[in-house]
Amino acid sequence: MTTILSIQSSVAYGHAGNSAAVFPMQRRGVDVWPVHTVAFSNHTGYGAWRGPLLAASDVADIVTGIDERGVLDRVDAVLSGYQGGEEVGAVILEAVALVKQRNPSAIYCCDPVMGDVGRGFYARPGIPEFFRDKVVPHADVMTPNHFELNFLTGREASSLEEVLAAVDALRQRGPQTVLVTSVTHAGQQPGTLDMLAVDADGAWLVTTPLLDRTFTGSGDLTTAMFLTALLDGAGTPGALARTAAIVFGVLNRTAELGEAELRLVAAQDEIANPTRTFEVRQVR
């Protein structure tokens, strides 16, 4: 069975970080070992929350405890998302190194959660630079949004060609597979959302309808579904197609229900067997 060690934030109410990723990965048949970096009452978009930011030593202890069970060689991938501080980020990189020592075929998938278009940076100071300087060289798969891609590469990509060049620059520094989870470019159709996936064999774009609202946790869900599909052997274009179908299905169902938080349980059939498919176009 495919196994993922998922080191991310967790919220009690709503869905973000592990709270958005673990159940969907399990619904896809993956064994998930969640390690939380924060344990908040709700995501920070509400402006107020309660709960602890776990100390880096606590996160390290949990990983050490798993290793003491002698099971880290079962891990096929480490997945990371929101990192509360640089110290926790360093522990995640240590966990990645340990997992790869136990299982050399394991991969590291990093969602560099730091900011977004229109919001700017929302990660704590120092985290964006940590992603750029320390994490990128160790990642096998990265899933930035357009804003994060620009920061990681020091570019301001606006056309599709410029986005592709930015992805190439990122891939030269570490990750061999890159998913840009929200691409804004000059040739984009109004009312649509584009996602771009690139690996050594090519680049592929998928377009889905753009809903009239955004949902916290959708990026965490996107990364989890993309990694799961890659581990299933779907290949990069297949993983992109599956991810687009699942994420759209979940978001659309959530919007139909008029809810602000992702309705993962209500939309679980969309996770297992999405009702819509979207054409993946090779753009290079």
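Contact is taken here to mean heavy atoms within 4.5 Å. The structure is a predicted model, in which local features need pLDDT of at least 70 and side-chain atom pairs count only at pLDDT 80 or more, while totals for chains, interfaces and linings use all residues. Residues are numbered from 1 along each chain as its sequence is written, and side-chain values use heavy atoms, with hydrogens and water left out.

Under this contact criterion, and not counting residues up to four places away in sequence, A20 touches H15, G217, D220, L221 and L264. A20 is placed in helix α1; helices (H or I, at least four residues) and strands (E, at least two) are DSSP runs, numbered from the N terminus. Residues are termed buried under 20% relative accessible area, exposed over 50% and partly exposed in between (1.4 Å probe, protein chains only). A20 counts as buried because its relative accessibility is 0%. The C-alpha atoms of A20 and D116, which are 96 residues apart along the chain, are separated by 18 Å.

The packing of α1 was examined next. Helix α1 (residues 18-27) packs against helix α7 (residues 218-231) at an angle of about 30°, with the axes 8 Å apart. Axes are lines fitted to C-alpha atoms, for helices over the stretch in contact, and angles run from 0 to 180 degrees between N-to-C directions. The crossing of α1 and α7 is right-handed, a crossing being right-handed if the near helix is turned clockwise from the far one by less than a right angle, and left-handed if anticlockwise. From α1, the contact involves A20, A21, P24 and M25, and from α7 it involves D220, L221, A224, M225 and T228. By class, this contact of α1 with α7 has seven nonpolar, one polar and one charged residues. In this classification Ala, Val, Leu, Ile, Met, Phe, Trp, Tyr, Cys and Pro count as nonpolar, Asp, Glu, Lys and Arg as charged, and the others, Gly among them, as polar.

Helix α7 also packs against helix α8 (residues 235-256), the two axes coming within 8 Å and crossing at roughly 145°. This crossing is likewise described as right-handed. Among the residues meeting across it are L221, M225, F226 and A229 in α7 and A239, L240, I246 and V250 in α8. The residues of the contact of α7 with α8 divide into eleven nonpolar, six polar and one charged.

The nonpolar interior was then considered, a nonpolar core being a set of buried Ala, Val, Leu, Ile, Met, Phe, Trp, Tyr and Cys residues joined through side-chain atoms within 4.5 Å. The largest core has 50 residues, and those with the most contacts inside it are L5, I7, V78, Y108, L152, V167 and L196. Helix α3 (residues 86-102) supplies the largest share of this core, eight residues. Apart from it lies another core, of 35 residues, including W204, A229, I246 and F248.

Beyond residues up to four places away in sequence, V78 touches L5, I7, V96, V99, I107, Y108 and C109. V78 and I92 are 14 residues apart in sequence, with a C-alpha to C-alpha separation of 8.9 Å. With the corresponding exclusion, the residues touched by Y108 include V78, I92, V96, K100, V135, H138 and D140.

T177 lies in strand β8 (residues 177-183) and is buried at 12% relative accessibility. Leaving aside neighbours within four places in sequence, T177 is in contact with D140, V141, M142, V198, D199, F226, L230 and T236. V113 is placed in the loop between β4 (107-110) and β5 (115-116) and is buried, with a relative accessible area of 12%. V113 and D220 are 107 residues apart in sequence but 8.9 Å apart in space, C-alpha to C-alpha, and D220 is among the residues that V113 touches. N145 occupies the loop between β7 (141-142) and α5 (146-153) and counts as buried at 8% relative accessibility. Leaving aside neighbours within four places in sequence, N145 is in contact with G115, D116, V180, T181 and S182.
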